[in-house]
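Subject: Structure handover

Hello,

Please find the structure below. Notes on what was found in it follow.

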Amino acid sequence: MQFKLGELFCGPGGIGYAAMTAMIAEPSYKIVHAWANDYDKDTCATFVRNVAKNEKTVICQDIRKLNYKKLEEISDIDALAFGFPCNDFSVVGEQKGMDGVHGPLYSYGIKALKKFRPVWFLAENVGGLRNANDGKAFSKILDDMYSAGYSVYPHVYKFEEYGVPQSRHRIIIVGIRRDYYIVYKVPSTAQFQAKRRTCRDAIENPPISKNAPNNELTKQSEDVVKRLKYIKPGENAFTATIPEELQLNITGAKISQIYRRLDPNRPAYTITGSGGGGTHVYHWKENRALTNRERARLQTFPDDFVFEGSKESVRKQIGMAVPVDGVKIIFEAILNSFARIEYAYDDYNLSPLIQENHKDIFNVQSLGLTYLLEPESELVS
């Protein structure tokens, strides 16, 4: 079975590339690109180059102005992915949730579910989504997904537990159309424990070619170089012992990422797409920020995945992406579910929360334990 995938808020292609490369034991079950949408020109160019291979299938436009008929004219779809903007849900931002500019944009994904009726969907956002608007935003999103006709399976995926060399936690919501009676189960992390990767593993093995794309060094000021000399692996500008003349004059909250060196024996901390001085992620030994290629490796993009745009544009694209290897595991679990192939899964699904009217059942506090399913007698495992 071939699933034609449509994507909204497609980004540079972390989700799309993972979908196209997902493989299971039954090769006839696979995911192919149908169409995609994003608003940023560089991001769209990156997606075209590496995923779509056809600029006619990628519409670069603000989704608030997008005519869905354009997408329909390109292709029908069997699956939908949408990593709706996280700005208003991130704990780093102002956390406006649904009251922010970006918070309500998830509704365009709901609109697409109702219009295209895909067999399944995958939606992605930051962990802060759980607490936005005192948890009401997350409940509203799940309720809308269920009302559109889907059983929904929300879970906080800690990607470092799946072999990704970066501590990156994301809410992924898998939805399956209820008339298919298919159950999705969260892939087990146990099988990846022996494969846990450090940031050094990712960056040094194999060594990055000097001619690799997106591998330009960032020019460091003399003061930054001097400051980094006092910061040990794993430390930042506020936990290291630094001479007074090199200390940062910051009042209020002190973000731990500022001039923080990687610990080579652990996964990297979360790679971000924006931020001023000191937020670029710093090498554990060399007195410099990482190159974009090194950041891309921590996001598990292959070296032949070329990002388009300026260095800062590329940095933003990489930081906003979903780790390829992590989301690929989820896609493979979805394919296995439809192919009726058993796979190792965690126990979250064993005690589904079911209420007769399927209303008011979204317990945000037990995220990862709460699943909305049809009665077990009607399910196909």
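Is T300 buried or exposed? T300 is buried, with a relative accessible area of 8%; buried means under 20% relative accessible area, exposed means over 50%, and partly exposed lies in between (1.4 Å probe, protein chains only).

Before the rest, the conventions. This is a predicted model, in which local features need pLDDT of at least 70 and side-chain atom pairs count only at pLDDT 80 or more, while totals for chains, interfaces and linings use all residues. Residues are numbered from 1 along each chain as its sequence is written, and side-chain values use heavy atoms, with hydrogens and water left out.

Overall content

The protein has seven strands and 10 helices. Both are DSSP runs numbered from the N terminus: helices are H or I with at least four residues, strands are E with at least two. Of the 381 residues, 55% count as buried. Taking contacts between residues at least 6 apart in sequence, 71% join residues at least 24 apart, where contact means heavy atoms within 4.5 Å.

Strand β5

Strand β5 covers residues 120-126, and seven of its seven residues are buried. Two strands pair if DSSP finds at least two bridges between them. Strand β4 (residues 79-82) runs parallel to β5, with four bridges joining them; here A81 stands opposite L122 in β5. Strand β7 (residues 169-177) runs antiparallel to β5 and is joined to it by seven bridges. In that pairing, A123 stands opposite I173 in β7.

Backbone points to check

Most residues other than glycine have a negative phi, and most peptide bonds are trans. The following depart from that pattern.

- T300 has a positive phi, near 60 degrees, and is not a glycine. T300 sits in the loop between α8 (292-298) and α9 (311-320).
- N214 is also not a glycine and has a positive phi of about 60 degrees. N214 is in the loop between α6 and α7, and N214 is buried, with a relative accessible area of 11%.
- The peptide bond from N205 to P206 is cis, with omega near -5 degrees. P206 belongs to the loop between α6 (199-204) and α7 (222-228).

Regards
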